[in-house]
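Okay, everyone, thanks for coming.

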Amino acid sequence: MKKPNIMLILCDQFRWDCLSIMGHPTVDTPNLDSLAHEGVLFTNGYSPAPSCVPARASLFTGKSPNLTGFLGYIDGREWNYENMLPEILRDNGYQTHCVGKTHFYPQRKHCGFEGLESYEAWQKFDNHYTNDYHEWLKEKTNGQMDELDHGLDDNSWIASPSTLPSELHNNSWVVTKGLEFIRKRDHSRPYFLNLSFHRPHPPIDPPKVFWDEYIGKELEEVPVGEWASKHDRPVHTINTWSGRLSGERLRKARLGYYAQIAHIDNQIGRLIRSLKATGEMPDMIIFTADHGEMLGDHHLFRKTYAYEGSAAIPFIVWEKGKQLGRRELTPVVLQDVYTTILDCANIEKPEDVDGLSLMSLINEGEVLDRKWIHGEHSRCYSAEESMQFMTDGKKKYIWFTEVNKEQLFDLENDPYECHDLAADAAYEDELQVWRKRMIDYLATRPEDGLSDGKTLIPGGVPAYRKKEVK
């Protein structure tokens with residue numbers, strides 16, 4: 001039986017709501033919308049640990065952070081997992097290739113990818129790392145142009161158009177190299193291609209044509225909950241994780257971010273048109289992101305939070321020759337990508353994987369054996385943000401482990417989490433139900449010391465737990 005060709009399109013720091021099919025008032029994503037209209041749009045997709053390294057560890061191993069050991073963000077820990085997704089696919093006859101960001105360590109470790117065209121932005125952990133995009137850009141411009149000529153930082157809210165022509169932008173390079181792989185691939189084997197965009201992660205540097213299109217748009221109201229007053233302080237640094245930006249700075253940051261997404265959508269359109277024209281459309285496309293970006297919601301920036309802007313992600317599954325065209329409310333997590341792809345390829349998943357395949361849900365409408373999903377992140381910017389969360393897509397419960405505070409949100413009626421219900425007596429019974437779920441779950445992880453099976457115990461967890469849990 002012929003194995004299906006599979007494409008995983010992964011973005012970095014792409015918010016859940018930034019698809020026009022989701023009703024976003026400003027950003028326009030017609031090409032991603034088309035994939036969603038023909039496939040299945042999961043409206044409750046979540047990152048199990050909303051920052052780059054732990055989220056990608058879960059995606060490529062099919063395991064929750066509890067099993068990968070990455071409970072938060074940390075660099076410098078070697079990826080020595082068995083049965084990583086590209087490794088299993090390669091061992092089952094697939095030609096595996098990645099263009100863009102992996103965040104594997106050591107840098108340029110392939111982890112099962114036969115081909116790797118690497119872009120890790122400006123992170124360089126040793127003298128051996130070579131950035132393939134930077135080498136390509138030097139060649140294309142005879143060394144006259146640099147990605148950083150715009151002067152922006154790779155974790156900042158400052159936004160400005162790229163100084164590069166749009167065809168030389170990093171977003172364009174990902175698609176250019178992806179199409180080159182398709183053109184030169186081994187046609188005797190099925191392929192697994194991971195196109196991994198670094199953007200819309202900062203720098204917020206869309207090509208000027210997209211900047212010009214978006215910078216004149218009217219900015220929608222930025223959600224700020226009544227509980228967020230503790231973050232309502234002036235911003236004094238370009239890499240802040242919290243604070244109140246002036247109106248013009250915030251407007252540029254958000255509109256520039258939307259322009260970056262519009263360019264990514266444009267390049268995905270370029271990709272799909274080329275694949276259709278050459279008869280090379282894959283059998284499955286999955287589009288998702290490792291985590292989101294707060295972008296000023298509740299006076300917060302960047303990621304690692306349990307809030308929707310950070311933890312919720314876009315999640316689209318498209319299959320060739322099918323017109324599924326539906327929205328799916330079932331909550332899903334990144335480790336489900338692993339099991340779904342293996343199921344599509346008719347490859348048995350390893351026993352220690354806890355991601356669920358979505359194939360039966362997508363094609364037969366079978367209900368997943370899952371009532372809620374869990375996410376977490378250890379201390380990153382401050383102790384007050386260390387958290388554990390649970391959601392069923394309708395309600396969300398957050399426990400801040402080091403400061404021992406709770407929040408409860410009604411996502412159906414308050415999708416941007418402006419109204420904390422934890423102190424509302426009308427929701428006390430529901431709060432206790434969610435708290436009990438968290439107590440029971442964390443009791444299965446005694447090494448973290450956050451639950452004794454009866455109550456939640458305040459404390460922190462490390463960003464990386466050395467011993468993998470069995």
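Let's start with a quick one: is Y105 buried or partly exposed? Y105 is partly exposed, with a relative accessible area of 22%; for these labels, buried means under 20% relative accessible area, exposed over 50%, and partly exposed in between, with a 1.4 Å probe and protein chains only.

Before I go on, the ground rules. This is a predicted model, so to speak of local features we need pLDDT of at least 70, side-chain atom pairs count only at pLDDT 80 or more, and totals for chains, interfaces and linings use all residues. Residues are numbered from 1 along each chain as its sequence is written, and side-chain values use heavy atoms, with hydrogens and water left out.

Now, the rings. There are 25 aromatic pairs in the structure. Rings of Phe, Tyr and Trp (its six-membered ring) pair if their centres lie within 6.5 Å; planes under 30 degrees apart are stacked, over 60 edge-to-face, and the rest tilted. Take F14 and F287, an edge-to-face pair at 5.5 Å centre to centre with 80° between the planes. F14 sits in the loop between β1 (6-12) and α1 (30-38) and F287 in strand β7, so this pair ties together parts 273 residues apart in sequence. (Helices here are DSSP runs of H or I, at least four residues, strands are runs of E, at least two, and both are numbered from the N terminus.) F14 is buried at 0% relative accessible area, and F287 is buried at 0% too.

Back to Y105: this residue pairs edge-to-face with F125, 5.9 Å centre to centre and 65° between the planes. Y105 is in the loop between β4 and β5 and F125 in the loop between β5 and α5 (132-141), so the pair ties together parts 20 residues apart in sequence. F125 is partly exposed, at 34% relative accessibility.

There's also a cluster: ring pairs link F60, F70, W79, Y81, F104, F113, F192 and Y464. And charges show up over rings, by which I mean NZ of Lys or CZ of Arg within 6 Å of the ring centre and within 35 degrees of the ring normal. The charged end of K217 is over the ring of Y214, 5.0 Å from its centre, while R233 lies over the face of W241 at 5.9 Å.

On to the backbone. Y105 turns up again, joined to P106 by a cis peptide bond with omega about 0°. R199 and P200 are joined by a cis peptide bond as well, with omega about 15°, and P200 is in strand β6 (residues 191-200). Then there's H299, not a glycine, yet with a positive phi of about 60°. H299 is buried, at 13% relative accessibility. N404 has a positive phi of about 55° and isn't a glycine either; N404 is partly exposed at 43%.

Last stop, pockets. A pocket here is an open set of points on a 1 Å grid over the protein atoms alone, where a 1.4 Å probe fits, with protein on both sides within 12 Å along at least five of seven lines; lining residues have an atom within 4 Å of a point. The largest pocket holds about 450 Å³, the volume being the space filled by probe spheres set on the points. Of its 21 lining residues, N44, L329, D392, G393 and K394 are closest to the centre. The second largest pocket holds about 270 Å³, and its lining includes W372, H374 and Y441.
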